[in-house]
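Here are my notes on the model you sent over. Have a look at it first, then read on.

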Amino acid sequence: MAGRFAPRTPTTRTTVRGGHTPVPASREPAPAPVSGSTRRWTPDAPTDLGLTLGPLRRGMGDPTFRTTPDGSVWRATRTPEGPGTLRVALRAGQADAEAWGPGAQWLLDRLPQLLGADDDPTAFTPRHRLLAATHRSRPGLRLTRTGLVMESLIPSILEQKVTTDEAYRAWRLLVRKYGEPAPGPAGSEEHRLQVMPDARTWSLIPSWEWHRAGVDNKRAATILRVAKVARRMEEAATMEPEQAQQRLELIPGVGPWTSAETIQRSNGAPDAVTVGDYHLPSIVGYALAGDRTADDAAMLELLAPYAGQRHRAARLILLSGRTPPRRAPRMTPGNIAAL
């Protein structure tokens with residue numbers, strides 16, 4: 001289930017908040033390097049770390065993602081070269097990054113893409129005053145491109161047809177138990193970042209541990225299927241978004257919703273609009289046409305003028321905060337682990 005009507009906390013689902021994670025503002029100099037590899041890069045356009053990297057965070061307790069009071073974003077991930085930790089901060093228009101672990105150089109080489117260098121915000125032309133106002137007020141929105149598929153595909157599978165809290169809890173418990181401490185200082189007690197498990201480890205998680213994490217058999221089986229072909233899944237990061245989605249959807253259990261949520265992050269796809277979402281069509285319909293009963297077809301029709309940039313348009317709508325008034329209680333989270 002992908003969405004909520006009225007965001008009440010700063011860490012609700014990406015598809016509702018537009019992927020914004022608050023990052024503390026800091027005018028302090030960049031921290032001194034701590035035995036890691038470093039890189040400095042200057043973005044060619046305004047960049048907001050919270051908007052750009054926010055979609056990579058899976059809840060406040062995400063063990064792979066942290067923000068710190070000095071204005072830095074830390075993320076731990078598994079690259080083709082091995083585990084890696086990246087710390088990045090923006091100061092005076094420059095991005096200062098430091099990385100640790102076998103994947104450090106891989107992460108630093110792709111720092112520009114991570115911060116939206118491949119994204120072109122000028123390709124978007126607002127045709128509705130709500131979008132124009134939000135576009136103008138969020139000049140730092142850049143679409144990230146991680147170049148990594150599995151780190152987004154697995155949590156997206158966990159988020160299928162459940163509440164935000166259930167999905168985030170499952171991700172948190174499984175990564176904490178089966179992941180490994182992040183390389184460098186991020187793995188210390190202060191940060192306690194974890195790198196998600198590798199494909200083989202995902203495949204070896206026993207059925208009762210999926211159950212304890214609240215993951216039903218259907219989602220667990222889908223993750224096991226993608227883990228078996230993890231290398232083929234990762235190849236999708238180098239494809240055009242449409243072909244990448246087709247590659248992912250060859251796996252039973254991975255449909256258009258899951259593939260779009262993945263490719264938006266791994267490939268930086270500006271047109272990969274999320275279809276099959278429980279709330280998004282009504283949010284888009286209400287924002288652009290006052291129609292809270294809109295379905296996928298109506299949503300796609302409303303977004304048609306933004307072809308090529310429909311994902312960006314949807315994010316701007318979500319960031320605008322214009323959502324339908326609530327008419328029913330929130331969905332009650334389930335807990336299969338208690339069964």
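1. The protein chain averages a pLDDT of 90, and 88% of the residues score at least 70.

2. The start of the chain is another matter. Over residues 1-16, pLDDT stays under 50, although the model has 66 contacts for this stretch beyond four places in sequence. Where pLDDT is low, the predicted coordinates should not be read in detail.

3. Now to the helix pair. Helix α6 covers residues 150-158 and helix α10 covers residues 217-228. Their axes come within 9 Å and cross at roughly 165°. Angles over 145 degrees count as roughly antiparallel, so that is how α6 and α10 run relative to each other. The crossing of the two is right-handed.

4. Which residues make the contact between α6 and α10? From α6 come Met150, Leu153, Ile154, Ile157 and Leu158; α10 supplies Arg219, Thr222, Ile223, Val226 and Ala227. Sorted by class, the contact has 8 nonpolar residues, 1 polar and 1 charged.

5. Still in helix α6, take a look at serine 156. Is this residue buried or exposed? Serine 156 has a relative accessible area of 0%, and the cut-off for buried is under 20%, so serine 156 is buried.

6. What does serine 156 touch, leaving aside residues up to four places away in sequence? Its partners are Arg58, Trp257, Thr258, Glu261 and Thr262.

Note on methods:
Residues are numbered from 1 along each chain as its sequence is written. This is a predicted model: local features need pLDDT of at least 70, side-chain atom pairs count only at pLDDT 80 or more; totals for chains, interfaces and linings use all residues. Side-chain values use heavy atoms; hydrogens and water are left out. Axes are lines fitted to C-alpha atoms, for helices over the stretch in contact, and angles run from 0 to 180 degrees between N-to-C directions. Helices (H or I, at least four residues) and strands (E, at least two) are DSSP runs, numbered from the N terminus. Angles under 35 degrees count as roughly parallel, over 145 as roughly antiparallel, 65 to 115 as roughly perpendicular and the rest as oblique. A crossing is left-handed if the near helix is turned anticlockwise from the far one by less than a right angle, and right-handed if clockwise. Contact means heavy atoms within 4.5 Å. Ala, Val, Leu, Ile, Met, Phe, Trp, Tyr, Cys and Pro count as nonpolar, Asp, Glu, Lys and Arg as charged, and the others, Gly among them, as polar. pLDDT is the predictor's confidence in each residue, from 0 to 100. Buried means under 20% relative accessible area, exposed over 50%, partly exposed in between (1.4 Å probe, protein chains only).
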